[in-house]
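Dear colleague,

I am passing on a structure for you to look at, together with notes on what turned up in it. Please read the notes with the coordinates open beside them.

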Amino acid sequence: MTELVVYVNGSFVRTSEPSIAPLDRGFTLGDGVFETMRVDNGQTFRLGAHLERLRAALAQLDITLPHGDAELEATIGDLLTSNGLRRASVRLAVSRGVPETRGLMPGRIRLGPTVVIQAEPFAGYPQEQYMRGFSAVFATIRRNETSPTAYIKSANYLDSILVRMAAAAAGADEGLMLNMAGNVACGSMSNVFAVTEGRLRTPPITAGILAGITRATVIEIANREHLLVVEDDLTREEFLASDEAFLTNSLMGVMPLTRVDARSIGTGQPGPVTCRLSDLYEEMVQRETTWRA
């Protein structure tokens, strides 16, 4: 397999080439943020929304991204072309950079933020997975809705890593987190939805969740289809008693959730509302990326 190239601070380098300083605060402290995006037909789906969320997160950290949206879009396009990719996952990461002195306080940064963009082949999750649905378990780790980092894609992803590892050890596809108030928050890598009597319920942003791009797109589709969407606190018991449930993120789109803690959700099969929203989401991805191509 031909070695892929990545973008690092203005240059395209091979993945095997050393290119990030060992004292970069993204490496030493997780001081940075990232976005993961889906590419179809050579185009990044909802790139503008991802960049808007990225800039909002950087503003919270008082980091200024030294590139405009048009420049980043062009760079991603060049990276996809260099790697011969039309279906891919793209990860855009920004760290504070290399400080002049050690310590928690950023102080003076030598060369400004470090910007890394990766693109890898991604043909989607297996269709069999959507037909069967994901299984999940509730984690013991809680989502802290009082922390600013709950609302950004921080480079420090340890809670989510530990939740995902525990889920895998339990034989599940995903781990779900309650927040400090005891309500359902999110998955380790996903937003969550429940379907009850034909209406959608999803935790509000204030529950300590990331404002997911796919979550927002699904709500947009549901509103267009005249489905009632309610963003409110959802207890674990209410979630387990729902007729259907599904997970969302940028790479898997709408994934049915059919078992939680070894209990079937609804019939234990992907439900009609979930399947309809999944189909409509995929249609939107193809329509928007084909139009832009």
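Helices and strands in what follows are DSSP runs, numbered from the N terminus, where a helix is H or I over at least four residues and a strand is E over at least two. This is a predicted model, in which local features need pLDDT of at least 70 and side-chain atom pairs count only at pLDDT 80 or more, while totals for chains, interfaces and linings use all residues. Residues are numbered from 1 along each chain as its sequence is written, and side-chain values use heavy atoms, with hydrogens and water left out.

**Backbone angles**

Most residues other than glycine have a negative phi. Asparagine 9, although not a glycine, has a positive phi of about 50°, and its place is in the loop between β1 (5-8) and β2 (11-14). With a relative accessible area of 43%, asparagine 9 is partly exposed, on a scale where buried means under 20% relative accessible area, exposed means over 50% and partly exposed is in between (1.4 Å probe, protein chains only). Histidine 226 also carries a positive phi, near 60°, and lies in the loop between α6 (213-224) and β12 (229-231); at 74% relative accessibility, histidine 226 counts as exposed.

**The two domains**

The domain assignment gives domain 1 (5-121) and domain 2 (127-289), with bounds that come from an automatic or database domain assignment. Their contact takes 20 residues from domain 1 and 22 residues from domain 2, where contact means heavy atoms within 4.5 Å. The C-alpha centres of domain 1 and domain 2 lie 26 Å apart. About 1,900 Å² is buried between domain 1 and domain 2, with carbon and sulfur atoms giving 58% of that area; buried area here is the accessible area (1.4 Å probe) that two parts lose on being put together, summed over both.

Between domain 1 and domain 2 the count is three salt bridges, each defined as a side-chain nitrogen of Lys or Arg within 4 Å of a carboxyl oxygen of Asp or Glu. Eleven residue pairs, both members at pLDDT 80 or more, are in polar contact between domain 1 and domain 2. A polar contact is a pair of N or O atoms within 3.5 Å; within protein, one must be able to donate a hydrogen and the other to accept it, and residues adjacent in sequence count only if both atoms are side-chain atoms.

On the side of domain 1 that touches domain 2, β3 (32-40) and α2 (47-60) each supply at least two residues, and β3 gives the most, with eight residues. The residues of that side divide into seven nonpolar, eight polar and five charged, where Ala, Val, Leu, Ile, Met, Phe, Trp, Tyr, Cys and Pro count as nonpolar, Asp, Glu, Lys and Arg as charged, and the others, Gly among them, as polar.

**Salt bridges**

A search of the whole structure finds 16 salt bridges. In one of them, the side chains of glutamate 35 and arginine 53 meet at 2.7 Å, N to O, and the pair links strand β3, which holds glutamate 35, to helix α2, which holds arginine 53, across 18 residues. Glutamate 35 counts as buried at 3% relative accessibility, and arginine 53 counts as buried at 13%.

Arginine 46 and glutamate 288 also meet through their side chains in a salt bridge (2.7 Å, N to O). Arginine 46 sits in the loop between β4 (43-44) and α2, and glutamate 288 in helix α8 (residues 272-292), 242 residues apart; glutamate 288 counts as partly exposed at 24% relative accessibility.

Glutamate 100 and arginine 108 form a salt bridge at 3.5 Å, N to O, in which glutamate 100 is partly exposed at 41% relative accessibility and arginine 108 is exposed at 61%. Salt bridges that share partners also join Arg38, Asp40, Arg87 and Glu282 into one network.

**Threonine 289**

Which helix holds threonine 289? Threonine 289 lies in helix α8 and is buried, with a relative accessible area of 1%. Threonine 289 and threonine 44 are 245 residues apart in sequence and 7.0 Å apart in space, C-alpha to C-alpha. Leaving aside neighbours within four places in sequence, threonine 289 is in contact with Asp40, Asn41, Gln43 and Phe45. The side chain of threonine 289 makes a polar contact with the side chain of asparagine 41 (2.8 Å), and a polar atom of the threonine 289 side chain lies 2.7 Å from the backbone oxygen of valine 285.

With best wishes
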